[in-house]
Amino acid sequence: MEVSAEQSKTIQTRLVLPSDTNHLGTIFGGTVLAYIDEIAAISAMRHARKAVVTVSIDKVDFISSAKVGDILKLEAFVYSTGRTSMKVFVKVETEDLFTGEHHLTTTCFLTMVAIDQNKKPTPVPKVIIREQEEQIVQLYQQNKRNNKA
């Protein structure tokens with residue numbers, strides 16, 4: 001069975017509140033990671049139609065910060081699959097509500113595994129990459145693997 005990456009695409013928005021921030025008024029990195037883990041799990045479950053667990057956070061890049069009052073937009077999708085695993089890409093952007101400006105804040109690659117009722121790994125459908133952004137992410141990951149060799 002094959003499933004389009006579009007099926008797993010998930011978007012969330014969140015308001016950065018004072019309780020989410022550090023003494024500098026910017027969002028805690030751990031808060032962003034929790035949001036990323038949550039949206040990655042939702043995306044993987046939409047793909048597999050099964051429960052999932054996080055196996056690894058493969059790479060996180062904090063590019064810029066978000067401040068109190070910013071809107072965070074998180075976008076995730078499955079871009080690669082193994083027998084029971086799914087690779088998920090998450091992108092986080094901020095939006096300033098007063099200026100409308102958007103800035104990339106974080107990118108993250110995670111590995112999720114589908115599990116059955118006994119909490120054992122279970123097969124997932126193969127992902128079909130169709131969207132341009134999804135193809136770019138897949139090429140990025142292939143280049144990263146090739147550069148490690």
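1. How many residues lie between strand 5 and strand 6 in their hairpin? There are six, and Gly 100 in the turn has a positive phi of about 80°. Helices and strands are DSSP runs numbered from the N terminus, a helix (H or I) having at least four residues and a strand (E) at least two.

2. The basis of the note should be stated at the outset. The model is predicted, so local features need pLDDT of at least 70 and side-chain atom pairs count only at pLDDT 80 or more, while totals for chains, interfaces and linings use all residues. Residues are numbered from 1 along each chain as its sequence is written, and side-chain values use heavy atoms, with hydrogens and water left out.

3. The protein chain contains two helices and seven strands. Read from the N terminus, its elements follow the order β-β-α-β-β-β-β-β-α. Of its 149 residues, 42% are buried; buried means under 20% relative accessible area, exposed means over 50%, and partly exposed lies in between, with a 1.4 Å probe and protein chains only.

4. The accessible surface of the protein chain is about 8,200 Å², and carbon and sulfur atoms account for 53% of that surface. The areas come from the Shrake-Rupley method with a 1.4 Å probe; for residues, only the protein chains shown count as cover. Among contacts (heavy atoms within 4.5 Å) between residues at least 6 apart in sequence, 73% join residues at least 24 apart.

5. Five strands make an open sheet in the order 2-4-5-6-3, with antiparallel pairing. Its edge strands are strand 2 (10–15) and strand 3 (51–62), each of which pairs on one side only. From one strand to the next the twist averages 25°. Two strands are said to pair if DSSP finds at least two bridges between them. Strands of a sheet pair through backbone hydrogen bonds, either parallel or antiparallel.

6. Strand 6 (residues 102–115) pairs with strand 3 in the antiparallel sense over ten bridges. In this pairing Thr 54 stands opposite Met 112, and Phe 62 has Thr 106 as its bridge partner. Strand 6 is also joined to strand 5 by eleven bridges, again antiparallel, with Thr 94 opposite His 103. Eleven of the 14 residues of strand 6 are buried, so this strand is largely enclosed by the rest of the structure.

7. How does the span of helix 1 compare with expectation? The helix has 20 residues and should span 28 Å at 1.5 Å a residue; its end C-alpha atoms are 28 Å apart, which agrees. The expected span is 1.5 Å times one less than the number of residues. Just after helix 1, Arg 49 takes a positive phi of about 60°.

8. The buried residues of helix 1 include Val 32, Tyr 35, Ile 36 and Ile 39. An α-helix has 3.6 residues a turn, so residues three or four places apart point the same way. Thr 31 also belongs to helix 1 (residues 29–48) and is buried, with a relative accessible area of 18%. Its C-alpha atom is 6.8 Å from that of Asp 20, eleven residues away along the chain.

9. Leaving aside neighbours within four places in sequence, its contacts are Ser 8, Thr 10, Ala 76, Phe 77, Val 78 and Val 88.

10. The structure holds three aromatic pairs. One of them, Tyr 79 with Phe 109, is edge-to-face, at 5.9 Å centre to centre and 85° between the planes. This pair links Tyr 79 in strand 4 to Phe 109 in strand 6, 30 residues apart. Rings of Phe, Tyr and Trp (its six-membered ring) pair if their centres lie within 6.5 Å; planes under 30 degrees apart count as stacked, over 60 as edge-to-face and the rest as tilted. Tyr 79 is buried at 3% relative accessibility, and Phe 109 is buried at 4%.

11. Lys 119 lies in the loop between strand 6 and strand 7 (126–128). Lys 119 is exposed, with a relative accessible area of 67%. The C-alpha atoms of Lys 119 and Val 53 are 9.3 Å apart, although 66 residues separate them along the chain.

Note on methods:
Axes are lines fitted to C-alpha atoms, for helices over the stretch in contact, and angles run from 0 to 180 degrees between N-to-C directions.
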